[in-house]
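Thanks for making time this morning.

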Amino acid sequence: MNFITSRKEALDVLDNYIEKDILTYTTQRNFDFGTQNRKNISCLSPYITHRLISEYEVVKKVLSRYPYQKVEKFIQEIFWRVYWKGWLELRPKVWTDFIEDLKNIENSSEYEKAIDGETNIDCFNDWTKELKENNYLHNHTRMWFASIWIFTLKLPWQKGAEFFLKELYDGDAASNTLSWKWVAGIQTKGKNYIAQNWNINKFTNNKYKDLKLNENPQPIIDQREYKISPISIDNNETKSDILVFFENELDFQSFKVDSYKKIYCILLTNEERQVELGDKVLMYKKNLIKNQVQNSNLKIEFIEGSKFIELLNNEKGFDVIYPSVGENMSFLKRVIKKNNLMINYLARDEDKYCWQFSNKGYFNFKSNIPKILSQFKLN
Ligand SMILES: Cc1cc2nc3c(=O)[nH]c(=O)nc-3n(C[C@H](O)[C@H](O)[C@H](O)COP(=O)(O)OP(=O)(O)OC[C@H]3O[C@@H](n4cnc5c(N)ncnc54)[C@H](O)[C@@H]3O)c2cc1C
């Protein structure tokens, strides 16, 4: 599998998918036909995760070509991502608790075997290798993988989520953490996702048979309750002459960026992160940034987090393209606290509008899709 690193190419992938393959999405999307045959899904997630193209842009393009009814399932999946992001924005402690949990879990030999692809479950071993080689897994396979990790191998979900974040090109705080919690039966309390032999057999086109899986597990119990905290993001008025953005908001030109005297793009090193990334993932991010910066005709400094702090000197604050709850936001919070800075966030109107609907379950969010589409003229 080959993931590209420029916005222009990402838009080509999207156009191509819309023209040739999107209409079979509903019936074919659950099949994992292997790394050489991915036409039944879009493979857009590494680009959307880094906001090389945004969810809203994808939806708008799709709906400018087909009526909603023909592409409903695809649009709903795009909005799953928006929903998860909003859900975490409203409950940021879920992310910080995940990071804290990780600090208290020791690596076991079973864990080492799992991440080396040396368990006694063939499909799981293959997927581990596939993940490390391609930095991507099919959605259904992610569900099976997580379920086998938690219920058959009996490993902590947090370590699985960490492993995915380390290896995936589309690793995303919200979609990843909340999907793992969902499989475990914590996100929708008491409803765990159970990977079953017949299901894996069917949706891999009979590649795997006679798997010995725990097909009758109890959901994981986690008593922690998370109350909703209101999202407060400063408005879109430009206040400083310094602009900062991170690698998960790379279409920075969709904001008004011309008036800034200095623009910095920060990519955190592993030393500055709470979850370390694999070398290939960090390199992929570097290449995405390089292309975006080169193609922008703006003078943008590509910088590590600690180097940026050294440059701050007497600055009282700066503007930041809102990076969402996750690694980049946690870094910013540490910097703000230490240096007593004032930050003005630039956030997308679409995000702010959509995230209010993440207060309940996805069913409720989904019922608001027509409202979102008409509010932002996406259809
Ligand atoms: C355990 C687990 C971990 C996951 N971790 C991540 C992650 O770190 N980052 C990530 O982007 N997605 C994650 N997902 C969601 C999903 O698996 C991927 O978004 C999808 O497989 C990407 O492939 P695609 O672009 O071909 O998707 P398509 O099926 O073509 O869908 C189009 C787009 O819709 C969105 N989407 C589709 N399904 C989902 C979903 N279930 N949840 C959220 N968004 C979705 C993605 O942006 C995707 O690019 C995870 C799912 C599971 C079960």
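An oxygen atom of the ligand lies 3.0 Å from a polar backbone atom of Ser-45, and a ligand oxygen is likewise 3.0 Å from a polar backbone atom of Leu-44, where a polar contact is a pair of N or O atoms within 3.5 Å. On the side-chain side, a nitrogen atom of the ligand is 3.3 Å from an N or O atom of Asn-176. The protein covers 96% of the 820 Å² of accessible area that the ligand has on its own, with areas taken from the Shrake-Rupley method and a 1.4 Å probe.

Before going further, please keep in mind that this is a predicted model, in which local features need pLDDT of at least 70 and side-chain atom pairs count only at pLDDT 80 or more, while totals for chains, interfaces and linings use all residues. Residues are numbered from 1 along each chain as its sequence is written, and side-chain values use heavy atoms, with hydrogens and water left out.

Which residues come nearest to the ligand? Of the 28 around it, they are Tyr-25, Ser-42, Cys-43, Asn-139 and Asp-170, a residue being near if one of its heavy atoms lies within 4 Å. The shell divides into 15 nonpolar, eight polar and five charged residues, with Gly counted as polar and Tyr, Cys and Pro as nonpolar. H5 gives the largest share of that shell, six residues, where helices are DSSP runs (H or I) of at least four residues, numbered from the N terminus.

The structure holds four cavities of 30 Å³ or more, a cavity being a set of points, on a 1 Å grid over the protein atoms alone, where a 1.4 Å probe fits but cannot get out, and its lining residues having an atom within 4 Å of a point. The largest has a volume of about 280 Å³, and of the 22 residues lining it, Gly-171, Asp-172, Ala-173, Glu-247 and Glu-327 are the closest to its centre. Helices H13 (279–294) and H15 (327–339) are the elements that give two or more residues to this lining, which by class has ten nonpolar, six polar and six charged residues.

The second largest cavity holds about 50 Å³ of space, and its lining includes Ile-48, Thr-49, Arg-51, Arg-81 and Lys-85. Here H3 and H5 are the elements that give two or more residues, and the lining has three nonpolar, three polar and four charged residues.

Technical notes. Polar contact = N/O pair within 3.5 Å; in protein donor to acceptor, adjacent residues only side chain to side chain. 1 Å grid on protein atoms, 1.4 Å probe; cavity = no way out; pocket = protein on both sides within 12 Å on 5 of 7 lines; lining within 4 Å. Points joined across faces, edges and corners; volume = space filled by probe spheres on them.
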